Amino acid sequence: RPYQQQTIDQIDQKLREGKKRILMVAPTGAGKTEIMGKMIERSVKHNFPVVFVVRRRELVKNASRRFAKNGIDHSVFMSGSWRFDAKKLVQIVSIDTMKARKAFPYNEGGCLVIIDEAHLNYEIVFEMYPKAFIVGGTGSPWTKHVEKYEDFVQVVEPYELRDMGYLVPAKFYVPHLINVADVKMRMGDFDQKQLESVVTNSAVVGNIVQDYIDLGQNRPSVCFATSVNHSLQLTHAFLDAGIPAIHVDAHSTEEERDRAKIGLENGTIKVVCNVDIFSTGWDAPCVSCVIFARPTFSLAWFIQSSGRGLRTHIDKED
């Protein structure tokens with residue numbers, strides 16, 4: 001797409017100006033991974049190593065699938081991966097594995113480091129790659145962690161993607177307000193323990209299920225809860241109402257996560273309940289309803305989570 005090439009051109013210009021840490025702001029649906037893929041292909045042509053840094057197994061797997069699909073030969077530096085090969089020019093790296101093993105591919109010389117979901121904490125990458133060109137990508141640059149970058153590039157806005165047909169328009173409903181008047185703030189958001197005691201009230205849970213029945217149109221949905229206990233409670237409430245639902249958390253196996261995604265796609269599951277597993281980087285275009293059972297003050301989290309329902313899909317208008 002023209003704006004994707006324009007993004008790369010602007011990043012190039014910033015690098016030529018001597019800036020080595022550039023933040024690429026690309027909203028949901030802009031094709032952030034495609035843009036990064038083109039930058040990686042070009043680096044490989046010039047025999048220049050690339051370290052693609054990702055957080056969480058699901059995002060590592062997604063990146064590897066996308067790169068393989070685009071013909072980018074790569075290694076996966078993550079515990080349990082069969083794809084690891086230290087000689088590969090392109091390394092998809094789990095930051096957790098990087099920290100645990102105290103191993104940082106290609107950090108002794110020049111390389112291109114690309115950070116996915118750059119609004120999160122990747123401080124160790126900046127410390128361990130002082131000679132690298134670093135490009136971070138995010139759709140929600142409203143956290144303190146983006147202060148590590150010297151400059152930024154943003155070529156396209158979400159409403160422009162919608163008008164070009166790359167995102168669907170959104171409808172918002174607020175059928176019930178959750179009373180959070182007595183919940184204290186902690187680190188810029190609601191105190192999670194206090195919030196859990198409010199949202200796990202049976203009346204609140206019942207309202208959320210009933211709102212889906214009244215407004216959700218039986219659409220494939222992702223539901224964001226406050227805690228694992230809350231997510232499990234919501235899952236049981238949906239099931240009790242005859243709505244096929246499944247819970248996924250950090251301890252769920254890859255098979256369970258795949259079952260949730262495939263179930264949404266084939267209609268055997270209507271609601272996937274989670275806390276934060278599917279708020280970033282999870283592509284399930286069939287999702288056409290997002291349920292916020294978790295009040296939040298975090299703009300970054302809200303933008304990322306709401307984006308799970310905005311991608312285009314056949315038979316999906318909004």
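1. A cavity here is a set of points on a 1 Å grid over the protein atoms alone, where a 1.4 Å probe fits but cannot get out. The model is predicted: local features need pLDDT of at least 70, side-chain atom pairs count only at pLDDT 80 or more, and totals for chains, interfaces and linings use all residues. Residues are numbered from 1 along each chain as its sequence is written, and side-chain values use heavy atoms, with hydrogens and water left out.

2. The largest cavity has a volume of about 40 Å³. Its lining (residues with an atom within 4 Å of a point) includes Tyr 3, Thr 7, Met 24, Val 25, Ile 35 and Val 153. H1 and strand S1 (21-25) are the elements that give two or more residues to this lining.

3. By class, the lining of the largest cavity has 10 nonpolar, two polar and no charged residues.

4. Now to the helices (DSSP runs of H or I, at least four residues). The axes of H1 (residues 2-16) and H2 (residues 32-45) come within 10 Å and cross at roughly 55°.

5. On the H1 side, Gln 4, Thr 7, Ile 8, Ile 11 and Asp 12 meet Glu 34, Ile 35, Lys 38, Met 39 and Arg 42 of H2, with contact meaning heavy atoms within 4.5 Å. By class, this contact has four nonpolar, two polar and four charged residues.

Notes. Axes fitted to C-alpha atoms, helices over the stretch in contact; angles between N-to-C directions. Nonpolar A, V, L, I, M, F, W, Y, C, P; charged D, E, K, R; others polar. 1 Å grid on protein atoms, 1.4 Å probe; cavity = no way out; pocket = protein on both sides within 12 Å on 5 of 7 lines; lining within 4 Å. Points joined across faces, edges and corners; volume = space filled by probe spheres on them.
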